[in-house]
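Here are my notes on this one, as numbered points. Have the model open while you read.

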Amino acid sequence: MSRNLSQTQKVSKTVLKSRHGVVASQHRRAAEIGAEVLSAGGDAIDAATAVSFAVGVVEPWMSGPAGGGAMVVWRQDEGRAYAINYGMRAPAGLDPADYPLAESGRSNDLFPWKAVVDDRNVEGATAVAVPGTVDGIGQAHARFGRMPWADLLRPAEGLAREGMLVDWYAALMIASATRSLSRDPDAAALFLEDGQWPTIAGWTALSDKRLDQGVMADTLARLGEAGYRDFYEGEIAAKLVADLRAKGSAMTLEDLSSYSATISDPLEIAYREGRVFAMPGLTAGPTLADMLARLERDWTPGAAPDAATFTAWAAALKGAYAARLEGMGDGEDPKAPACTTHFSVVDSKGNMVSMTQTLLSAFGSRVVSPSTGLLLNNGIMWFDPEPGKANSLGAGKRCLMNVCPVVAEKGGRRVALGASGGRKIVSAVGQLASLMLDHDLSLEDAFHHPRIDVSGGETVVADESLPADVIAALSAAHKTVTTRRTVFPYAFACPAAVMREDGENMGATEIMSPWGDALHASERT
């Protein structure tokens, strides 16, 4: 594929510094809304609340209220971090026998599990897990936020009333999932033309084609008015469960009402002269900790990233992933596409949020709840359908996630960092952390630096723009292939970060992300 592409084109994004707050998001409109909250005097958690719901409107195939995830929060006045886990879980009434294994074959989505009859664990209402995003951000706001909940949801409601603009990138994403979306009448009505053709923007840059997200807007208005627990115990919960059960899900009102995100101490990783705060438990945090421990034990960084740096990263990631696959059971296909969103926030006081939220697959279960307008997750696919494994499907079980939001610090700099991209996430977060902690690269230089991906298989995927001696060293130690850093599909994870250094804030997003941007608050903060 890379031979078809220009060899002279260069892509870059500028990182600006400010004394005021910054939001870095995979979608510029969501970042704008977060920056406006900071400009109005909001806390980093207030901005994160607004961004969480806004990005679910403008990037609906990646995340939304009916998904899950995790965040790491830094509170400047306390001088400490918190880990908030709002991962999805299986319904209590789920019966593994309802997911019989096919006679042969493997799943054709993110995970190479043995295939299930009719892909019941991948698509449709039977693939939907109990969502956690609303409770996670709701608890965070209740504990740390300053601005009214309803005010923070109103911008997302406004975006939904407008309807998401279908530009070339949105049309490309919809086209990539057209066949699956056509199987659910409500998903087809939202995303497709005549139930079978992808909604496209046309050939003119002046197109103003938009999705009809009016029902989602009504849901966001209700959620703002009634509070976040309405999603689990009120009118929204009742509508959501009725829609799911009508489509064959085992979900009950009890599954929603009993759901609660957890707020705990983070996994604190001492690394050389710095610290990294990551997610504990069924996330990629422990895998990142393993990678960093191997780096500190086996490698001494030089002045600049070189061939020894990349071979050390590859070895550490391979070892960490081998331990993860054996002990935690995550078997995501390394070729899986990015299907999550990440954003990071820092306010003028230094409070930070590193937040990852997901529907799991792109477009989740490819099912829309007609009464709420929400695209639903397919979290059941996180479980291995084969019994007797570390991560086998089971009633009420928590899903194992690849999310890896972190806050890292060294000397006078602190960074809130994370990425989307499934199993590619740890590779990106680990390398970016190393570039900034081991080599003292600026945020801008770190985000422009070429990376590798090591996601649990034998193959190391290397950016073809790396120097020849780096690729040669990798090839001598590992099976290595090279590829181009492109807009679609992503060969590497899609990171977003904010940094605070000596009282100045800055932000960055993946340079190949056409929508991603980091925006500063105004001087009112």
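1. Which residue lies over the face of Tyr82? That is Arg80, at 3.8 Å from the ring centre. A second case is Arg423, which lies over the face of Tyr321 at 5.1 Å from the ring centre. The rule here asks for NZ of Lys or CZ of Arg within 6 Å of the ring centre and within 35 degrees of the ring normal.

2. A word on the ground rules. This is a predicted model, with local features needing pLDDT of at least 70 and side-chain atom pairs counting only at pLDDT 80 or more, while totals for chains, interfaces and linings use all residues. Residues are numbered from 1 along each chain as its sequence is written, and side-chain values use heavy atoms, with hydrogens and water left out. Helices (H or I, at least four residues) and strands (E, at least two) are DSSP runs numbered from the N terminus.

3. On to the aromatics. Rings of Phe, Tyr and Trp (its six-membered ring) pair if their centres lie within 6.5 Å; planes under 30 degrees apart are called stacked, over 60 edge-to-face, and the rest tilted. The count comes to twelve aromatic pairs. Take Phe191 and Phe363: with ring centres 5.2 Å apart and planes at 90 degrees, the pair is edge-to-face. Phe191 lies in helix 7 (residues 185-191) and Phe363 in the loop between strand 12 (352-358) and strand 13 (368-369), so this pair ties together parts 172 residues apart in sequence. Phe191 counts as buried, at 0% relative accessibility, and Phe363 counts as buried at 0% too. Buried means under 20% relative accessible area, exposed over 50%, and partly exposed in between (1.4 Å probe, protein chains only).

4. Tyr232 and Tyr259 give you a stacked pair, 5.7 Å centre to centre with 15 degrees between the planes. Tyr232 is in helix 9 and Tyr259 in the loop between helix 11 (253-257) and strand 8 (262-264), 27 residues apart. Both of these tyrosines are buried.

5. Have a look at the aromatic cluster as well: Trp61, Trp168, Tyr169, Phe191, Phe363 and Trp515 form one.

6. Helix 8 (residues 214-226) has 13 residues and reaches 18 Å from first C-alpha to last, close to the 18 Å expected at 1.5 Å a residue; that expected span is 1.5 Å times one less than the number of residues. Its buried residues are Met216, Ala217, Thr219, Leu220, Leu223 and Gly224. Down the axis of helix 8 they fall within an arc of 160 degrees, so they line one face; the arc is that of the directions from the helix axis to the C-beta atoms. Their cover includes helix 2 (44-58), helix 4 (149-162) and helix 10 (235-246), where contact means heavy atoms within 4.5 Å. Just after helix 8, Gly227 takes a positive phi of about 95 degrees.

7. Strand 1 (residues 22-25) is covered on both faces, with Val22 and Ala24 buried on one side and Val23 and Ser25 on the other. Two strands pair if DSSP finds at least two bridges between them. Strand 1 pairs antiparallel with strand 11 (residues 340-346) over four bridges, Val23 having Val345 as its bridge partner. Strand 1 also pairs antiparallel with strand 22 (residues 517-520) over four bridges, and there Val22 stands opposite His520.

8. Lastly, three strands form an open sheet of mixed pairing, in the order 17-18-19. The edges are strand 17 (452-453) and strand 19 (479-483), each pairing on one side only. Strand 18 (residues 459-463) runs parallel to strand 19, joined by five bridges.
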